[in-house]
Amino acid sequence: MHLVKKIEIIANSFELAKILDSLDKSGVHGHAVIRDVAGKGLRGTAEDLDMTMLDNVYIIAFCMPEQLKPVVENIRPLLNKFGGTCYISDVMEIRSMKCVASL
């Protein structure tokens with residue numbers, strides 16, 4: 001097990017390509033995308049994400065702690081310009097050492 005950073009971004013689907021490009025430029029090459037995300041913001045008020053119905057995407061990616069600064073530098077301007085939210089947290093990654101199917 002080792003410590004990694006989890007990056008969670010919820011944004012309008014029209015900005016998906018720009019966000020993924022920014023992650024890639026930051027050295028984060030793997031990600032998962034869940035489409036048609038809806039919800040209510042933490043502040044309990046109407047936000048950009050609430051108004052767009054099912055136009056939102058949830059992006060989850062992981063990076064090493066030392067990669068985080070470029071990620072924030074590249075993602076923050078996009079979120080400031082187009083809206084959306086980003087959460088970053090510490091998580092532990094468990095890497096598989098042996099495939100169970102081969103036993």
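Which residue in strand 4 is the bridge partner of Ile 7? The views below begin with that pair. The model is predicted, with local features needing pLDDT of at least 70, side-chain atom pairs counting only at pLDDT 80 or more, and totals for chains, interfaces and linings using all residues. Residues are numbered from 1 along each chain as its sequence is written, and side-chain values use heavy atoms, leaving out hydrogens and water.

**View 1. Strand 1 beside strand 4.** Ile 88 of strand 4 is the bridge partner of Ile 7. Strand 1 (residues 2-12) and strand 4 run antiparallel and are joined by nine bridges. Strands are DSSP runs of E with at least two residues, and helices are runs of H or I with at least four, numbered from the N terminus.

View 2. Four strands pair antiparallel in the order 2-3-1-4; two strands pair if DSSP finds at least two bridges between them. Strand 2 (32-37) and strand 4 (85-93) are at the edges, each with a single partner strand, so one side of each has no neighbour in the sheet.

**View 3. Helix 1 across the sheet.** Helix 1 (residues 16-25) lies across strand 1, strand 2 and strand 3 (56-63), at about 5 degrees to strand 3. Contact means heavy atoms within 4.5 Å. Axes are lines fitted to C-alpha atoms, for helices over the stretch in contact, and angles run from 0 to 180 degrees between N-to-C directions.

View 4. The whole structure has zero disulfides, a disulfide being a pair of cysteine sulfur atoms within 2.5 Å. For Cys 63, the nearest cysteine sulfur is that of Cys 86, 9.8 Å away.
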